[in-house]
Amino acid sequence: MLTTLFIAMVTAITIWWLLIQRLKDKPWTKQGVLPGSQDTLTSSAPKVGLWLFLAVVSSLFGLFASAYTMRMHGHGGLAAWDQLDEPNLLWINTLVLVLASGAMQVARNRIDKDDLAGGRSYFVGAGLLTIAFLSGQAMAWQEASASANLGPGSPAFSFFVLLTAVHGLHLIGGLWVLGRTSVRIWRNVATTSVVSRSRIRTSVQLCTTYWHWLLLVWLGLFALLLST
């Protein structure tokens with residue numbers, strides 16, 4: 001119970017911090033690059049598409065969480081559930097993902113202010129922290145597999161791998177987009193093209209939203225694993 005409350009508190013603090021960072025940027029004062037600017041013309045469709053995608057995948061994670069809970073309580077006459085002691089490494093991994101999401105937000109704030117040079121290091125840093133998180137998750141699998149008498153045949157271990165793997169796959173997909181955007185930032189850091197800078201801003205905004213969402217999903221999954 002205390003662990004769940006702690007995770008909820010961390011989630012609330014994370015959301016609060018991200019909102020503060022966004023408000024510091026004062027988006028309501030922005031007038032755009034030009035009347036009917038490229039920011040408006042080129043960003044609406046991708047943003048709508050991203051939110052639709054996030055809604056669908058959120059439902060998927062919700063179904064996984066429901067299946068996890070039902071299996072844990074032995075619905076359908078299934079074998080008893082042997083609880084898995086989650087590796088302590090998951091706490092470190094969680095901190096790393098929080099830092100990755102924070103670095104992404106800083107990069108977005110700077111690039112939104114047309115400071116590509118100032119934001120690119122944070123953007124790349126977010127990618128490196130995400131790779132560190134994924135590596136830590138793989139190490140957590142090995143640690144969980146070796147704990148107690150639970151192994152790959154354990155339902156608790158199988159669900160642990162399933163939930164973390166599906167989350168990790170979404171991060172890997174995000175890294176592919178992050179890599180392409182990073183190349184565009186480095187190539188166009190000195191450009192004065194309104195269109196190029198607008199497209200970069202849109203890509204960074206989408207990546208930031210995606211990383212924040214994956215952080216919240218992971219905090220929810222982590223709370224579920226710890227509370228059961």
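Colleague: How much of the protein is buried, and what makes a residue count as buried here?
Modeller: In this predicted model, buried residues make up 43% of the 228 residues. A residue gets that label when its relative accessible area is under 20%.

Colleague: Why is Leu214 called buried?
Modeller: Leu214 has 0% relative accessibility. The cut-off is under 20%, so Leu214 counts as buried. Leu214 lies in helix α6, residues 194-227.

Colleague: And which residues does Leu214 touch, leaving aside its neighbours within four places in sequence?
Modeller: Those are Leu97, His167, His170 and Leu171. What makes them contacts is having heavy atoms within 4.5 Å of Leu214. There's also Ser58, 156 residues away along the chain, with its C-alpha atom 9.7 Å from that of Leu214.

Colleague: What share of contacts in the whole protein join residues at least 24 apart?
Modeller: That's 83%, counting contacts between residues at least 6 apart in sequence.

Colleague: Okay, on to the helices. Why are α4 and α5 called roughly antiparallel?
Modeller: Helix α4 (residues 116-146) and helix α5 (residues 155-188) pack at about 160°, with axes 10 Å apart. Anything over 145 degrees counts as roughly antiparallel, and therefore this pair does. Their crossing is left-handed. By class, their contact has 19 nonpolar, 10 polar and 1 charged residues.

Colleague: What are the helix and strand counts for the protein?
Modeller: You've got 6 helices and 0 strands, so the pattern along the sequence reads α-α-α-α-α-α.

How values were computed:
Residues are numbered from 1 along each chain as its sequence is written. This is a predicted model: local features need pLDDT of at least 70, side-chain atom pairs count only at pLDDT 80 or more; totals for chains, interfaces and linings use all residues. Side-chain values use heavy atoms; hydrogens and water are left out. Axes are lines fitted to C-alpha atoms, for helices over the stretch in contact, and angles run from 0 to 180 degrees between N-to-C directions. Helices (H or I, at least four residues) and strands (E, at least two) are DSSP runs, numbered from the N terminus. Angles under 35 degrees count as roughly parallel, over 145 as roughly antiparallel, 65 to 115 as roughly perpendicular and the rest as oblique. A crossing is left-handed if the near helix is turned anticlockwise from the far one by less than a right angle, and right-handed if clockwise. Ala, Val, Leu, Ile, Met, Phe, Trp, Tyr, Cys and Pro count as nonpolar, Asp, Glu, Lys and Arg as charged, and the others, Gly among them, as polar. Buried means under 20% relative accessible area, exposed over 50%, partly exposed in between (1.4 Å probe, protein chains only).
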